Amino acid sequence: MTASSFSISHLAIPAVCILIAFLAYTSQYLFLHLEPGPLSDYEFWKFNGLVACIWICYYRACTVDPGRIPRDWKPSRGQGVDVASEEGKIDALVRQRWCRKCEAYKPPRAHHCKVCQRCIPKMDHHCPWTRNCVSHFTFPHFVRFLFYAVVSMVYLESFLFTRASVIWENRRLPSYLGPSIAQLTHLFLLIVVNSLTLFALFILLVRTLWALGANVTTIESWEIERHKTLLRRARHFGGYLDGPDGIKVRIRKQEFPYDIGIWKNIKAGMGGSSNILSWLWPFAATPDRSTGLSFEVNDFEDPGLSWPPPDPDRIPRKPRPMGEPFPVQHFDSAQEEIEAFNRRQREDMERRRGGLGLQRRRKFHERYAHVANAEHDAADGEDSVASDEGEEAWRNADGERLQDFGVDEEVEFYDEDDIPLAELMRRRREQQQQQQS
């Protein structure tokens with residue numbers, strides 16, 4: 001590995017290993033020199049058994065392949081865009097998800113990871129501490145790692161506070177009868193590090209178990225919150241939001257389709273097994289590699305609707321047709337001509353900023369401010385208050401964007417509906433051949 005290819009992320013796994021070793025093994029050495037003495041045989045085997053489970057689950061969470069989408073995978077049936085009878089309005093988007101970088105269709109719940117550089121089945125997030133994606137295949141190992149880490153640290157916390165309470169009770173004895181400064185410092189560091197790590201991992205474990213029970217990934221939680229934001233905004237504008245090229249996109253409440261009941265949710269998330277003991281078994285098998293491309297839904301919505309729901313800012317603008325004539329303008333001065341040229345240049349840069357001919361629109365708060373200024377008297381000269389809501393920089397209540405979960409926003413947020421014409425024609429020929437045969 002060259003120095004240029006090395007990054008701080010490569011230190012994550014060694015750092016976690018050092019942390020586990022520091023808490024698990026140096027603590028047992030310290031207990032040899034502190035009252036009430038070393039661990040009993042039962043405590044020793046129980047604690048070290050839990051630590052062994054941590055190592056096994058962490059190794060598997062780091063090394064198990066998060067999966068990939070087969071190159072020949074295609075949606076089970078043709079889908080397109082349903083346009084309402086009202087001219088210029090779109091009522092529903094039934095989408096075929098396409099990945100521009102992989103040049104392939106994306107199954108439901110799959111996302112393109114900017115670190116793994118491929119689409120990941122049922123991607124939850126890219127974990128920096130395992131340097132691996134938490135996905136349909138690695139999620140069970142990740143849950144077991146968190147579970148055993150929290151249980152082990154709770155157990156260790158009881159050992160540490162037992163020794164600390166003894167030291168506090170004997171605080172009035174001469175110092176030579178008690179632990180040394182180095183031992184006290186070691187105990188203090190163990191308590192602080194173990195308590196802080198336990199607090200952080202306990203919150204992560206609770207959040208992960210909630211997601212397991214609801215059958216929702218971290219990315220989908222972001223999408224659900226985004227959908228609620230669009231619903232609130234659409235109610236203000238009569239149920240529609242502005243899409244590209246003057247269209248109106250109808251935003252209606254859409255239920256999350258993959259919540260199929262707590263028992264089925266947990267069973268699906270832990271590899272499909274209904275054996276509760278296997279959920280905690282460190283050597284449990286990785287989910288079958290043939291799974292992860294389709295998922296059971298709750299039938300609360302039309303099965304033709306896809307998740308995530310329609311989002312006006314995910315719809316790419318149509319590129320300007322080749323050979324489209326430009327209007328000839330006449331200017332009274334050279335300064336006016338220069339200003340018009342600069343304005344066209346800015347507009348052209350804005351259209352081409354997305355790459356591959358896709359033309360992105362202005363951010364929502366810029367579009368909204370433009371409409372508001374046109375409808376209201378701006379004589380007071382005050383600037384409009386800008387917000388990040390509604391464009392690619394939108395963040396959820398925790399201040400997170402899709403890129404914070406490892407998702408490649410350049411692919412995910414804009415281009416997944418832009419299926420190449422050649423691919424659409426190929427699929428149409430296949431469908432015609434199937435109908436004729």
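Is Arg 118 buried or exposed? At 15% relative accessibility, Arg 118 counts as buried, where buried means under 20% relative accessible area, exposed over 50% and partly exposed in between, with a 1.4 Å probe and protein chains only.

The views below show a predicted model, in which local features need pLDDT of at least 70, side-chain atom pairs count only at pLDDT 80 or more, and totals for chains, interfaces and linings use all residues. Residues are numbered from 1 along each chain as its sequence is written, and side-chain values use heavy atoms, with hydrogens and water left out.

**Figure 1. Overview of the chain.** The chain has 11 helices and 11 strands; these are DSSP runs numbered from the N terminus, helices being H or I with at least four residues and strands E with at least two. Of its 437 residues, 43% count as buried. Among contacts with a separation of 6 or more, 73% join residues 24 or more positions apart, a contact being heavy atoms within 4.5 Å.

**Figure 2. The salt bridge of Arg 118 and Asp 65.** A salt bridge is a side-chain nitrogen of Lys or Arg within 4 Å of a carboxyl oxygen of Asp or Glu, and the count by this rule comes to five. In the bridge of Arg 118 with Asp 65, the closest N and O atoms are 2.8 Å apart. The pair links distant parts of the chain, with Arg 118 in strand β7 (residues 118–120) and Asp 65 in the loop between α2 (41–63) and β1 (81–82), 53 residues apart. Asp 65 is partly exposed, at 33% relative accessible area.

Figure 3. Glu 301 and Arg 252 meet through their side chains in a salt bridge of 3.4 Å, N to O. Because Glu 301 lies in the loop between α7 and α8 (334–352) and Arg 252 in the loop between β11 (248–250) and α6, the pair ties together parts that are 49 residues apart in sequence. Arg 252 is partly exposed, with 32% relative accessibility. The side chains of Lys 264 and Glu 296 form another salt bridge, at 3.5 Å from N to O. Here Lys 264 belongs to helix α6 and Glu 296 to the loop between α7 and α8, and the two are 32 residues apart. Lys 264 is partly exposed at 42% relative accessibility, and Glu 296 is partly exposed at 46%.

**Figure 4. Tilted aromatic pairs.** Rings of Phe, Tyr and Trp (its six-membered ring) pair if their centres lie within 6.5 Å; planes under 30 degrees apart count as stacked, over 60 as edge-to-face and the rest as tilted. By this rule the count comes to 13 aromatic pairs. Trp 263 and Trp 279 are a tilted pair, because their ring centres are 5.5 Å apart and their planes stand at 50°. Trp 263 lies in helix α6 (residues 262–269) and Trp 279 in helix α7 (residues 276–280), so the pair ties together parts 16 residues apart in sequence. Trp 263 is partly exposed, at 45% relative accessibility, whereas Trp 279 is buried, at 12% relative accessible area. Trp 281 and Phe 283 also form a tilted pair, 5.6 Å centre to centre with 55° between the planes. Trp 281 is partly exposed at 49% relative accessible area, and Phe 283 is exposed at 52%.

Figure 5. Phe 31, Phe 47, Tyr 155 and Phe 159 form one aromatic cluster. Lys 46 lies over the face of Tyr 155, 4.8 Å from the ring centre; a charge sits over a ring if NZ of Lys or CZ of Arg is within 6 Å of the ring centre and within 35 degrees of the ring normal. Gln 28, in helix α1 (residues 12–31), is buried at 13% relative accessible area. Not counting residues up to four places away in sequence, Gln 28 touches Leu 39, Phe 44, Phe 47 and Asn 48.

**Figure 6. Arg 289 and Phe 137.** Arg 289 lies over the face of Phe 137, at 4.4 Å from the ring centre.
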